[in-house]
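Q: Please take a close look at one part of this model and describe its surroundings in a connected way.

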Amino acid sequence: MSIDFKDHGEKPYVVNIEDATLQNENYRTTIWTGEKLQVTVMTIQPNDDIGLEVHHGIDQFIRIEEGDGVCVMGDSEDDLYFKQNVSDDDAVFVPADKWHNITNTGDKPLKLYTIYAGPDHVPGTVHPTHEDAKNDPNEH
């Protein structure tokens, strides 16, 4: 089934999230943005990462659909005391205000989706590459 990769936010929407995640080829594609929730699908290339980040006041859920990686978290950029390997079907729960990153350690793309409670990106955000995300003035 072909997925319509646009932000369907603030309207009722049903999607096979696994299919959307696996079909996404962009680094980040925002598929739904509401008032208190946002969903993005991501493809992290081998030896790339999400990027060390923190979401102030926003909890985050990450589901790994395909691939292998390592997740780190901590109270600051210099205190990443939590480290765990992640792979297919793992769920990662990131508390608000916790620094975190996931690095693709495999030889194929790492496919995941993430739920932000509340939204973290501008509605409709699409970043074809990690570099595009880094250069987006709307990203922090």
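A: **A threonine and its strand**

Leaving aside neighbours within four places in sequence, T114 is in contact (heavy atoms within 4.5 Å) with Q38, V39, T40, M42, Q60, F61 and I62. The model is a predicted one, in which local features need pLDDT of at least 70 and side-chain atom pairs count only at pLDDT 80 or more, while totals for chains, interfaces and linings use all residues. Residues are numbered from 1 along each chain as its sequence is written, and side-chain values use heavy atoms, with hydrogens and water left out.

T114 belongs to strand β8, where helices (H or I, at least four residues) and strands (E, at least two) are DSSP runs numbered from the N terminus. T114 is buried, with a relative accessible area of 1%; the term buried means under 20% relative accessible area, exposed means over 50%, and partly exposed lies in between, for a 1.4 Å probe and protein chains only. A polar atom of the T114 side chain lies 3.1 Å from the backbone oxygen of F61.

β2 and β8 run antiparallel and are joined by seven bridges, with T40 standing opposite T114. β3 also pairs with β8 in the antiparallel sense, over seven bridges, and here Q60 stands opposite Y116.

A nonpolar core is a set of buried Ala, Val, Leu, Ile, Met, Phe, Trp, Tyr and Cys residues joined through side-chain atoms within 4.5 Å. The largest such core has 15 residues, and those with the most contacts inside it are I44, I50, I62, I64, V92, I102 and L112. At least two residues of this core come from each of β2 (38-44), β3 (59-66), β4 (68-74), β6 (91-94) and β8 (110-117). A second, separate core of six residues includes I3, I31, V41 and Y113.

Key: Polar contact = N/O pair within 3.5 Å; in protein donor to acceptor, adjacent residues only side chain to side chain. Pairing = 2+ DSSP bridges.
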